[in-house]
Amino acid sequence: MATISRFISEPKTVAIVGCPFRHVLSPVIVVYRTDASSGNVLISGGQPRVGVDRGPIHMVEAGLIEQISELGWKVKFDGHHQFEDVNANNDPPIGILKNPRLVSRVTEAVAKVIEGHARLGELPVTLGGDHSLAMGTISGTLSVHPEACVVWVDAHADINTVESTDSGNIHGMPVSFLLGLGSQIPEFSWVKPILKTDRIVYIGLRDVDAGEKRILRENNIKAFSMHEVDKYGIGKVVEMALDHVNPNRDRPIHLSFDVDALDPSVAPSTGTPVRGGLTFREGHFICEAICETGLLAALDLMEVNPSLADDVSVRQTVQVGCSLVRSALGETLL
């Protein structure tokens, strides 16, 4: 049986939200769809490589629903229906921010979906997609559980502001929007700065911009890089991380896991691989430890991208992604 989370109602239900969205798009028609009953979101667009919108679908096709069911969860996943068309030709940059209106519309839609599942006492599991989606998933969680904390597992801090970003890629900025840092953009006025700096902790950082390092220091945001993982071991790092954001072990936890936190030898088919990442077991230990708290309220598994590698590497990454989800939902080694 699945590990019981005190924030999930009976019967214990996982709501899979498939959202393979990548916001840096060519100027073409972009379509995103959501199912009227389940709220699963599907977005596809002008990517140069075929298959970029297949990550979550690959995980479902690999048997993820059946695997979660075998852990004792009821699973809600009802497919996709047309929701709305967005014309990226009508989405010029704001400053250097790329596709801002598209990102805002999609992430706001995702926020409403996650909020809906959380209010029903279900555990939303969002399969992405780039990490800009966390702007929506975490907003949705905090709208129901304002006391929640966030464990962000990633090679990247994704905390650039409008002022600090060099690329204008919003997938490198979701945390700053959630914290209300930097200049505010009217198109993202729906994102409320309800995440507090002492309610987020990073694990696995190893590719952090100079501006992001300054932002982390100035805001006293706790982050455990791969240096700390090497120094203390993953068990101690997870314990220290939880001690910081959840000292009494009573707050709901939103686990936002980007597979590029893992070393590329473990998960090669991802958007921005960086050498020197978490091992297979270190990544799984994080998920297992969060599950053991009984506090998991929402899970993101981001950046499984089956267009970026050969078939063997794609299968490897998809299998690792499914395995991480299972570990967060109660699968144990014994």
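User: Which residues in H4 are met by H3?

Analyst: The model is predicted, so local features need pLDDT of at least 70, side-chain atom pairs count only at pLDDT 80 or more, and totals for chains, interfaces and linings use all residues. Residues are numbered from 1 along each chain as its sequence is written, and side-chain values use heavy atoms, with hydrogens and water left out. Contact means heavy atoms within 4.5 Å, and from H3 the residues involved are Val103, Thr107, Val110, Ala111, Ile114, Glu115, Ala118 and Arg119. In H4 they meet Met135, Gly136, Thr137, Ser139, Gly140, Thr141, Ser143 and Val144.

User: At what angle do H3 and H4 pack?

Analyst: Helices (H or I, at least four residues) and strands (E, at least two) are DSSP runs, numbered from the N terminus. H3 covers residues 100-119 and H4 residues 134-144, with axes 7 Å apart. Axes are lines fitted to C-alpha atoms, for helices over the stretch in contact, and angles run from 0 to 180 degrees between N-to-C directions. The angle for this pair is about 35°.

User: How many helices and strands does the protein chain have, and what share of its residues is buried?

Analyst: The secondary structure comes to 10 helices and 11 strands. Buried means under 20% relative accessible area, exposed over 50%, and partly exposed in between (1.4 Å probe, protein chains only). Of the 334 residues in the protein chain, the buried share is 60%.

User: Which residue's backbone nitrogen is reached by Asp310 at the start of H10?

Analyst: A polar contact is a pair of N or O atoms within 3.5 Å; within protein, one must be able to donate a hydrogen and the other to accept it, and residues adjacent in sequence count only if both atoms are side-chain atoms. At the start of H10, a side-chain oxygen of Asp310 comes to within 3.1 Å of a backbone nitrogen, that of Val312.

User: Where is Thr165, and which residues does it touch?

Analyst: Thr165 is in the loop between strand E7 (149-153) and helix H5 (174-179), and is buried, with a relative accessible area of 7%. Its side chain reaches the backbone nitrogen of Ser167 at 3.3 Å, and a polar atom of that side chain lies 2.9 Å from the backbone nitrogen of Gly168. Not counting residues up to four places away in sequence, Thr165 touches Ile96, Leu97, Asn160 and Met173.

User: Is Glu303 buried or exposed?

Analyst: Glu303 sits in the loop between strand E11 (296-302) and H10. Glu303 has a positive phi of about 75° although it is not a glycine. Its relative accessible area is 7%, so Glu303 is buried.

User: What is the omega of the peptide bond from Gly128 to Gly129?

Analyst: Gly129 is in the loop between strand E6 (123-128) and H4. The peptide bond from Gly128 to Gly129 is cis, with omega near 25°.
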